[in-house]
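Let's take a walk through this model together, one neighbourhood at a time. Have the sequence and the 3D view open as you read.

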Amino acid sequence: MENKTTEMTYGAVPSTEPQRQYYYIEKAKEYVRDRAQVLNRPLTFCVNTFGCQMNARDSEKLEGILEAIGYEKSDENHADFVVYNTCTVRENANQRVYGRLGYLHSLKKKNPHMMIGLCGCMMQEAQVVEKIKKSYRFVDLIFGTHNIYKFAELLVNRFESERMVIDIWEDTDKIVEDLPADRKYPFKSGVNIMFGCNNFCSYCIVPYVRGRERSRNPKDIIREIERLVSDGVVEVMLLGQNVNSYGKNLEHPMTFAQLLTEIEQVEGLKRIRFMTSHPKDLSDELIGVMAGSSKICPHLHLPLQSGSSRILKEMNRRYTKEQYLNLVDKIRAAVPDISLTTDIIVGFPGETEEDFEETLDVVRRVRYDSAFTFIYSKRTGTPAAVMEDQVPEHVVKERFDRLLGEVQRISEEMTSRHTGKVQTVLAEEMNSHDASLVTGRLGNNVLVHFPGTAEDIGRLIDVSLDECRGFYYMGSRITKE
């Protein structure tokens with residue numbers, strides 16, 4: 001409830017977004033300014049991100065709002081406001097957060113002005129919030145994945161109430177545009193094109209914590225990318241839990257392939273990436289657009305999860321081993337030099353040695369450039385968590401090691417196939433081990449280290465790939481005459 005002093009100072013609270021949030025940003029500025037005067041120094045913040053690129057993009061929005069309010073970026077040990085943007089895909093992610101909270105409590109005892117905020121996927125689990133309320137009462141602010149745009153409003157509520165503020169939504173259809181964001185890189189950026197997931201894979205908690213699919217208006221996406229390009233961005237990563245199903249719930253439906261075609265027309269944009277693609281929704285239309293594109297990077301992340309059709313059915317993936325392999329054949333026929341990467345889960349309930357051998361067979365036939373391999377993690381609330389025939393831990397570990405060995409062997413062979421070629425690299429940062437080198441990425445996402453200076457960061461540079469060292473290249477720049 002707004003008090004009379006607030007209304008007199010700020011006027012009535014806007015009922016529409018994003019105007020409402022800009023109202024609260026201005027209001028929060030006053031609280032931050034007052035506290036900074038008491039401390040005789042600027043207030044500082046640190047946002048720590050756990051999880052996927054969707055979370056990373058959400059954190060950029062949180063940081064943009066905090067900077068608009070008047071906070072200055074710092075490290076966790078010296079921050080007045082620490083925010084954990086959490087992940088809950090695997091159990092160990094939750095345990096990491098609980099462990100860190102104990103450390104933050106010790107920091108807060110030394111700094112009574114310190115605040116702690118928790119948001120993201122983990123906060124969408126009711127049992128997690130109850131545990132925090134009971135065992136971590138020193139936390140100041142808790143919110144989930146659906147109302148990140150309300151960050152400034154929630155922060156004002158915390159300043160005014162001086163108690164723990166909790167605001168968790170079960171789901172939403174709201175998408176709020178044009179709020180501040182602080183990009184990690186000036187030359188590349190993630191761009192959300194959709195939120196949520198409708199797939200309900202039996203092992204996955206994401207649909208329960210991210211909500212149902214909702215696509216952004218294509219005009220808003222194009223407008224954001226045009227603004228990013230005018231601000232120096234040359235590469236965008238289009239983000240969604242399943243980008244291939246983009247546009248189905250729009251008032252005027254459009255396909256992901258059609259969206260890509262429009263994005264490619266943005267003048268000044270040099271590279272387009274996207275993730276993640278669900279195999280069941282990857283269309284011939286999309287493959288055609290990729291084949292004919294000069295901007296879409298020759299890299300496709302295509303999660304397999306298992307090579308066994310029986311296990312895929314239990315996972316509710318809605319494709320078979322044969323359909324997946326046929327899809328790979330179509331992609332490689334259209335884009336012969338494409339880099340394919342994947343996700344694989346080992347030890348799903350009921351997985352037999354024969355099922356695991358089917359997975360190894362797909363790995364050997366597809367020959368992925370790299371793969372993210374995971375041991376199955378039971379997530380409470382998912383159908384797989386209550387399945388019988390959970391695989392013994394020692395069996396899972398042995399299979400995981402065999403899979404990892406095969407993936408790494410093939411990955412080294414696939415990466416080395418570009419040795420001696422000249423390719424374009426986006427220089428991203430100075431090398432952390434050798435100050436004379438710059439580190440960048442090829443269109444296929446492989447790392448390259450080559451001689452350069454800080455002036456090269458953000459530029460696209462032609463580099464000779466001289467030596468492959470397993471999963472990266474040492475290169476030399478090509479001087480154009």
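This is a predicted model: local features need pLDDT of at least 70, side-chain atom pairs count only at pLDDT 80 or more; totals for chains, interfaces and linings use all residues.

Residues are numbered from 1 along each chain as its sequence is written, and side-chain values use heavy atoms, with hydrogens and water left out.

Now look for F274, which is also buried, with a relative accessible area of 7%. How many aromatic pairs are there by the ring rule? The count comes to 15 aromatic pairs, where rings of Phe, Tyr and Trp (its six-membered ring) pair if their centres lie within 6.5 Å, and planes under 30 degrees apart count as stacked, over 60 as edge-to-face and the rest as tilted. In the pair formed by Y203 and F348, the ring centres are 6.4 Å apart and the planes stand at 85 degrees, so this pair is edge-to-face. Y203 sits in the loop between β8 (194–195) and α7 (206–210), and F348 in the loop between β13 (339–346) and α13 (353–366), so the pair ties together parts that are 145 residues apart in sequence. Helices (H or I, at least four residues) and strands (E, at least two) are DSSP runs, numbered from the N terminus. Both Y203 and F348 are buried.

F256 and F274 make an edge-to-face pair too, because their ring centres are 5.0 Å apart and their planes are at 80 degrees. This pair links distant parts of the chain, with F256 in helix α9 (residues 256–263) and F274 in strand β11 (residues 271–275), 18 residues apart. Elsewhere, ring pairs link Y71, F81, F143 and F151 into a cluster.

Rings also meet charges here. The charged end of K131 sits over the ring of Y98, 3.9 Å from its centre; a charge sits over a ring if NZ of Lys or CZ of Arg is within 6 Å of the ring centre and within 35 degrees of the ring normal. K188 places its charged end over the ring of Y185, 4.7 Å from the centre.

Let's return to α9 and see how it packs. The axes of α9 and helix α10 (residues 284–291) come within 8 Å and cross at roughly 20 degrees; axes are lines fitted to C-alpha atoms, for helices over the stretch in contact, and angles run from 0 to 180 degrees between N-to-C directions. The two helices α9 and α10 are therefore roughly parallel to each other (angles under 35 degrees count as roughly parallel, over 145 as roughly antiparallel, 65 to 115 as roughly perpendicular and the rest as oblique). On the α9 side, F256, A257, Q258, L260 and T261 meet E285, L286 and V289 of α10, with contact meaning heavy atoms within 4.5 Å. The residues of this contact of α9 with α10 divide into five nonpolar, two polar and one charged; Ala, Val, Leu, Ile, Met, Phe, Trp, Tyr, Cys and Pro count as nonpolar, Asp, Glu, Lys and Arg as charged, and the others, Gly among them, as polar.

Another helix pair is worth a look. The axes of helix α2 (residues 19–39) and helix α3 (residues 53–69) come within 8 Å and cross at roughly 60 degrees, which makes α2 oblique to α3. I25, A28, K29 and V32 of α2 make the contact with I65, A68 and I69 of α3. Sorted by type, the residues of the contact of α2 with α3 are six nonpolar, no polar and one charged.

Finally, check the backbone. The peptide bond from E17 to P18 is cis, with omega near 5 degrees, and P18 is in the loop between α1 (4–10) and α2. Another cis peptide bond joins M275 and T276, with omega about 5 degrees; T276 lies in the loop between β11 and α10. R367 has a positive phi of about 60 degrees although it is not a glycine, and its place is in the loop between α13 and β14 (370–375).

Definitions and conventions
Buried means under 20% relative accessible area, exposed over 50%, partly exposed in between (1.4 Å probe, protein chains only).
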